[in-house]
Amino acid sequence: MNVLVARMDNLGDVLLAGPCVRAVAAGAERVVLLAGPRGRAAGELLPGVDEVVTWCAPWIDPEPPPVTRDETEALVRRLREYSFDAAFVLTSFHQSPLPLALLLRMAGVPWIGAISEDYPGSLLDLRHRVPGDPPEPVRMLSLAEAAGFALPPDDDGGLAIRGPLPPVERLVGDEDYVVVHPAASVPARQPSADRSAAIVRALQAAGRRVVVTGSPSESTLTRQVAGDALDLGGRTDLSELAAVLAAADVVVAPNTGPAHLAAAVGTPVVSLFAPVVPASRWAPYGVPSAVLGDQHAACRDSRARVCPVPGHPCLDRVAPEAVADAVARLSRVWSRRPARR
């Protein structure tokens, strides 16, 4: 079978789709991932993906492009060229798979499966429903399983990326360290710069060597947070970041793609988790973790992009010393296995 798997939002969402992708790949000859521009780099690291096609979905991207006939018809023509036998449309609970399912029908895809609460009419052949509030990787994997695809017996169902990872000793040296990644894709999910800087200082006071990471667009924040710690803001691509995270004792991060990347390389995570989305779905999966932050704050389940509560109390009231204590606990109890390849 020649199968399309679509997950069209952020880097972390694509990483969380990994178990589903591997299950499909175990029963298919070829798997093409349809990703948005924000998630493409993660898709290129997923085991089981043979090719990544990128398209920005106007109904999913947080800064959506206009809907145009030319762009839409170009996507349909491109998808038609692949002659897919089947397609899985993966979405978050608040997203609809039906716009993409319509375009896939127009591209001639004969079988389409998705998780959908909305009535799909003839757009879906498998309308899957997931009760409860399971972790996002489990939720997406259940769609593949409902279609008859299963992970191989030796696959533990955790997150994973391709190896080998690039050497990063030139960046981090050879001493043990803890990573602090202060940024998230939206402000509501990250602590203030001052609180992140205080966390760095508390870790250093506890005897930890700290490495601060971030993308090029986050380098101003990482400079402010790092102080005299090692600042790698803007100095790594995604595979290099994965290698930096893989070599860390523990990663401290908000609910953001790099937290899931840390889980994919087998590193414990102290998750500074704002409850604007449920931790039961989005907390680091498959590795030891500590979830810090007030999960009953007024912003709970609001999906707010900017904190609606003055002072951002759910995260900025997390004591830096509590983060250092959580790092110490995870360091003691976790004998880290090699990064999954």
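Modeller: Here a salt bridge means a side-chain nitrogen of Lys or Arg within 4 Å of a carboxyl oxygen of Asp or Glu. The model is a predicted one.

Colleague: What makes R30 and E51 a salt bridge?

Modeller: The closest N and O atoms of R30 and E51 are 2.4 Å apart. The cut-off is 4 Å, so the pair qualifies. R30 sits in strand 2 (residues 30-35) and E51 in strand 3 (residues 51-54). The two are 21 residues apart, and the pair links distant parts of the chain.

Colleague: Why is R30 called partly exposed?

Modeller: R30 has 30% relative accessibility. Buried means under 20% and exposed means over 50%, so a value in between is partly exposed. E51 falls in that class too, with a relative accessible area of 24%.

Colleague: How do you know that R22 pairs with D155?

Modeller: The closest N and O atoms of R22 and D155 are 2.7 Å apart. That is within 4 Å, so it counts as a salt bridge. R22 belongs to helix 2 (residues 18-26), while D155 is in the loop between helix 6 (136-146) and helix 7. These positions are 133 residues apart in sequence, so the pair ties together separate parts of the chain.

Colleague: Is R22 buried or exposed, and how do you know?

Modeller: R22 is at 11% relative accessibility. Buried means under 20%, so R22 is buried.

Colleague: What about R38 and E63: what makes them a salt bridge?

Modeller: Their closest N and O atoms are 3.4 Å apart. The limit is 4 Å, so this pair also passes. R38 is in the loop between strand 2 and helix 3 (40-43). E63 is in the loop between strand 3 and helix 4 (69-81), and 25 residues separate the two. R38 has a relative accessible area of 36%, so it is partly exposed. E63 has 62%, over the 50% mark, so it is exposed.

Colleague: How many salt bridges does the rule give, and which residues are linked in a network?

Modeller: The count comes to 15 salt bridges. One network links R7, D9, D13, D133, E136, R139 and R281. In general, side chains of opposite charge can pair when their charged atoms come close.

Colleague: Why is the patch of E169, D174, E175 and D176 called negative?

Modeller: Asp and Glu count as negative, so a surface patch formed by E169, D174, E175 and D176 carries that label. E175 lies in the loop between helix 7 (169-172) and strand 7 (178-180). E175 has 52% relative accessibility, over 50%, so it counts as exposed.

Colleague: What makes phi of R303 and phi of H312 worth a remark?

Modeller: Phi of R303 is near 55 degrees, a positive value in a residue other than glycine. Phi of H312 is near 45 degrees, again positive in a residue other than glycine. R303 is in the loop between strand 12 (289-292) and helix 13 (313-316). H312 has its place in the loop between strand 12 and helix 13 as well. R303 is at 42% relative accessibility, so it is partly exposed. H312 is at 10%, under the 20% limit, so it is buried.

Colleague: What makes the bond from G163 to P164 cis?

Modeller: Omega of that peptide bond is near 0 degrees. P164 is placed in the loop between helix 6 and helix 7.

Colleague: Where is N2, and why is it called buried?

Modeller: N2 is in strand 1 (residues 2-7). Its relative accessible area is 14%, under 20%, so N2 is buried. N2 and Y82 are 80 residues apart in sequence, yet their C-alpha atoms are 8.1 Å apart.

Notes:
Residues are numbered from 1 along each chain as its sequence is written. This is a predicted model: local features need pLDDT of at least 70, side-chain atom pairs count only at pLDDT 80 or more; totals for chains, interfaces and linings use all residues. Side-chain values use heavy atoms; hydrogens and water are left out. Patches are made of residues with over 30% relative accessible area and no salt bridge: like charges are joined within 9 Å, nonpolar side chains (Val, Leu, Ile, Met, Phe, Trp, Tyr) within 5 Å. Accessible areas come from the Shrake-Rupley method with a 1.4 Å probe; for residues, only the protein chains shown count as cover. The place of a charge is taken as NZ of Lys, CZ of Arg, CG of Asp or CD of Glu. Helices (H or I, at least four residues) and strands (E, at least two) are DSSP runs, numbered from the N terminus. Buried means under 20% relative accessible area, exposed over 50%, partly exposed in between (1.4 Å probe, protein chains only).
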